[in-house]
Amino acid sequence: MPASTASAARGLLIGGKEIPAVSGRTTDDLDPRTGEVFVRVPAAGPEDVTLAVDAADAAFASWAATAPTARRELLHRAADLLEQRADEFTQIMLAETGGTRTWAGFNIHMSATLIRQAATMATGPVGKLLASDVSGEWSMAVREPAGVVAAFVPWNGPLILCARAVAVALATGNPVIIRPSEDGPITSGYFLADILAEAGLPAGVVNIVTNDRADAPAVVEALIADPRVRRVNFTGSTPVGRIVGRLAGEHLTPVILELGGKNPIVVLDDADLQYAAAGVTVAKFMNAGQICMCVDRVIIQDSVYDAFTDAFLAKVNSLGQGNPDDPHTLVGPLINARAAERVAGLVADAVAKGATVLTGGGDADGAFYPATVLADVTADMRIYHEEVFGPVATLFRVNSAEDAVTLANDTPYGLSSAVYTENATRGLAVARALRHGAVHVNDHSVSDEPQAPVGGVKDSGFGHFGSEWGAEFFTETCWITLADQHSTYPV
């Protein structure tokens with residue numbers, strides 16, 4: 001098994017073997033801390049996609065016919081191996097994405113839990129007996145594996161999102177082609193594929209196609225357009241998700257999209273302010289704000305605005321920032337200097353239009369941007385509307401819970417949200433008024449559990465990841481009848 005380390009190169013993983021791209025071209029994956037090459041991977045084209053689909057399709061029948069308990073036990077072994085190799089993954093994540101030790105540890109823990117939860121789907125019910133008016137007939141709805149799955153995995157929560165993309169698909173008998181992020185091909189693809197191979201996954205059941213950023217549109221289109229690809233799951237930005245959704249629609253391929261967010265947290269006037277400040281700090285600055293469920297808007301009732309702001313700034317100013325290898329660091333580098341410059345541009349635009357910097361701000365330093373808090377943000381600023389995807393929080397003062405809900409819903413996004421209050425009844429009322437795929441009362445917006453449905457509404461996507469919900473997505477339902485006596489035909 002090839003080592004998942006900062007070695008010179010990896011190949012396309014097709015049919016259990018690593019091979020170069022047909023063109024022979026490669027692309028470099030850079031360490032955001034230094035800008036130096038971390039690993040070199042093939043720059044695939046449409047012809048390589050066809051080879052990957054060939055391999056997955058060839059593996060489909062035997063994998064679908066594998067005993068459910070065998071699939072379940074293989075996934076359990078993979079989860080155990082993940083935990084055993086946590087230190088190795090942490091070192092890779094530090095170098096490939098600049099993710100902190102805390103974030104790497106969470107990726108390992110959550111991914112192993114996701115895989116174990118998915119394993120239960122291998123031996124779950126595969127259908128139901130239906131009522132029938134036909135005497136002597138058994139009527140059944142039976143679920144069968146759908147076929148080849150195309151999984152598009154981002155770099156920001158790489159192992160978690162790779163596990164979420166493939167584990168239930170594998171448990172229910174489907175082969176997978178992973179198209180990992182150009183900014184994290186090891187952590188968002190190869191690492192888990194290596195683990196699964198070590199656990200005993202047959203060749204061809206998981207394949208990996210990497211590409212240069214410039215070739216991404218052609219590779220994505222070739223993968224979705226192949227008629228043997230029967231399911232598509234994508235996690236990433238809303239603009240790219242629109243393209244993926246359109247292509248899937250053109251080819252009548254079912255698709256799950258988990259896209260961007262403009263996530264709000266509401267702090268009501270009866271909240272425990274120290275607790276809320278801690279939760280908001282984690283929800284904003286974990287992984288330098290580069291999680292789709294990170295909070296962007298912190299909406300606070302007027303009577304507690306000043307006290308909450310003081311508590312929040314105290315938390316933010318005590319954060320570990322900079323070196324992701326330091327176990328106390330929460331805010332490390334962004335994925336690259338381009339991302340840091342974009343965040344700095346959002347802050348500069350807001351400040352030029354009247355926003356107040358309460359802490360942080362200024363220019364980017366390579367891939368680094370400081371933990372920043374802004375007040376006095378208005379609707380004419382880019383940061384009011386755009387997903388930040390970086391370590392910048394915006395504070396808003398409102399008069400009432402009703403005003404907080406109105407502001408929280410004033411966005412085309414609807415991924416995750418939260419409300420802090422010591423009154424559960426009040427919290428539930430606010431939660432039911434928020435138009436988001438997930439709402440957490442007295443917990444932060446990044447809260448996640450493997451058995452829960454994960455997905456957004458509005459421009460944050462559609463469909464749900466999660467074990468039970470994924471099992472439905474990755475299977476086809478067939479109506480089968482069995483007559484235990486001959487019918488009477490009119491001819």
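1. Strand E10 (residues 229–235) has 6 of its 7 residues buried, so it is largely enclosed by the rest of the structure; buried here means under 20% relative accessible area, with exposed over 50% and partly exposed in between (1.4 Å probe, protein chains only). Strands, and likewise helices, are DSSP runs numbered from the N terminus (helices H or I, at least four residues; strands E, at least two). The model is a predicted one, in which local features need pLDDT of at least 70 and side-chain atom pairs count only at pLDDT 80 or more, while totals for chains, interfaces and linings use all residues. Residues are numbered from 1 along each chain as its sequence is written, and side-chain values use heavy atoms, with hydrogens and water left out.

2. Two parallel neighbours flank the description of E10. Strand E7 (residues 148–152) is joined to E10 by 5 bridges and runs parallel to it; strands count as paired if DSSP finds at least two bridges between them. Ala-150 has Val-232 of E10 as its bridge partner. Strand E11 (residues 255–258) is joined to E10 by 4 bridges, again in parallel, and Val-232 stands opposite Val-255 in E11.

3. A right-handed β-α-β unit is made by E10, helix H8 (residues 238–250) and E11. Right-handed denotes that, with the strands pointing away from the viewer, the path from the first strand over the helix to the second runs clockwise.

4. Strand E11 also contains Glu-258, which UniProt lists for "active site" in an unreviewed entry; such annotations may be inferred rather than shown by experiment. Glu-258 is buried, with a relative accessible area of 2%. Leaving aside residues up to four places away in sequence, Glu-258 touches Leu-161, Phe-234, Thr-235, Gly-236, Cys-292, Leu-415, Val-454, Ser-460 and Phe-465, where contact means heavy atoms within 4.5 Å.

5. Thr-421 is found in the loop between strand E19 (416–420) and helix H14 (424–433). Thr-421 counts as buried, at 1% relative accessibility. Beyond residues up to four places away in sequence, its contacts include Leu-268, Ala-271, Arg-426 and Val-441. The side chains of Thr-421 and Asp-270 are joined by a polar contact of 2.7 Å (a pair of N or O atoms within 3.5 Å; within protein, one must be able to donate a hydrogen and the other to accept it, and residues adjacent in sequence count only if both atoms are side-chain atoms). The C-alpha atoms of Thr-421 and Val-266 are separated by 8.8 Å, although the residues are 155 apart along the chain.
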